[in-house]
Amino acid sequence: MLRTIFSPDNPVWRFFILVGRIWWLNILWLVCSLPIFTIGASTTALIYSCMKLKKDEGYPTENFFKSFKENFRQGTLLGIIYILAGALIGIGLIFWNHATIPGSKLAWAVVLCIGILYFISILYVFAIQSRFINPIKDTIRYSILMAFTNFKETIFIGLIVIGLVLANLFSMIVVTFVTVNIGLAIVIYLMAMHYEEVFKKYMPEPEVQESYLDVLEREVESGKKKKRYR
């Protein structure tokens, strides 16, 4: 009885172990994001680690720092680009919304459209950075192309992010505390299954390795053919 309860294969224990790993990844993300300018690299590492955790591959800490190191330069640059772009879009929306000059409403609508593209892009850009090796401009371009060519998954990913934002807006104290402590990693973990569905379309098919018996059988067949033609 006790052996069954405390067995690592017990679904309850597996759930708590999973939550503990997600919490730990969230802590790693917070610590590595503290300089602010590294938030792109840490977000890339968090997404990579959550996708690995989803497939139960490797160890969370090892996966996180492996990705953080490999993507530090490009992930950091992407983070800075998206922080600056987001700030400019926000300023543009506020400015044109309060402007009274002719054409201000049209300008506001244009900035809004750019903001929508920005939001769609940011849903994918760090996930793409975590799995594919590309120049920054291609990573940004692919983030928009993948979003529109995988519209169903994009809707799900977008709803997860919007749900997190709205939850924090309506309950600032409790939900924000939970989000900072573990919530972001949980959201990324939920998004990971959708990323996997999208990325598997663009990943090369893994080579099927032959077993020892397959190799042996092939060698025997090869020997028979040689004898046959001798």
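Close-up 1. The structure, which is a predicted model, holds 1 cavity of 30 Å³ or more, and the volume of the largest cavity is about 40 Å³. Its lining is formed by Arg21, Ser49, Lys52, Leu53, Asp56, Glu57, Gly58, Tyr59, Pro60 and Asn63, a set that divides by class into 3 nonpolar, 3 polar and 4 charged residues.

**Close-up 2. The largest pocket and its lining.** With a volume of about 710 Å³, the largest pocket is lined by 26 residues, among which Thr43, Ile122, Phe126, Val161 and Leu184 lie nearest its centre. Helix H2 (11-33), helix H3 (39-54), helix H5 (72-98), helix H6 (104-131), H8 and helix H9 (172-199) each contribute at least two residues to this lining, and H9 gives the most, with 7 residues. The class composition of the pocket lining is 21 nonpolar and 5 polar residues, with no charged residues.

**Close-up 3. A nonpolar patch on the surface.** Leu117, Phe148, Phe151, Ile155, Phe156 and Leu159 together form a nonpolar surface patch with about 580 Å² of accessible area, to which helix H8 (residues 151-170) gives the most, with 4 residues. Phe148, a member of this patch, lies in helix H7 (residues 136-149). Phe148 is described as partly exposed because its relative accessible area is 44%, a value that falls between the cut-offs of 20% for buried and 50% for exposed residues.

Technical notes. Residues are numbered from 1 along each chain as its sequence is written. This is a predicted model: local features need pLDDT of at least 70, side-chain atom pairs count only at pLDDT 80 or more; totals for chains, interfaces and linings use all residues. Side-chain values use heavy atoms; hydrogens and water are left out. Patches are made of residues with over 30% relative accessible area and no salt bridge: like charges are joined within 9 Å, nonpolar side chains (Val, Leu, Ile, Met, Phe, Trp, Tyr) within 5 Å. Accessible areas come from the Shrake-Rupley method with a 1.4 Å probe; for residues, only the protein chains shown count as cover. A salt bridge is a side-chain nitrogen of Lys or Arg within 4 Å of a carboxyl oxygen of Asp or Glu. Buried means under 20% relative accessible area, exposed over 50%, partly exposed in between (1.4 Å probe, protein chains only). On a 1 Å grid over the protein atoms alone, a cavity is a set of points where a 1.4 Å probe fits but cannot get out, and a pocket is an open set with protein on both sides within 12 Å along at least five of seven lines; lining residues have an atom within 4 Å of a point. Grid points are joined across faces, edges and corners, and a volume is the space filled by probe spheres set on the points. Ala, Val, Leu, Ile, Met, Phe, Trp, Tyr, Cys and Pro count as nonpolar, Asp, Glu, Lys and Arg as charged, and the others, Gly among them, as polar.
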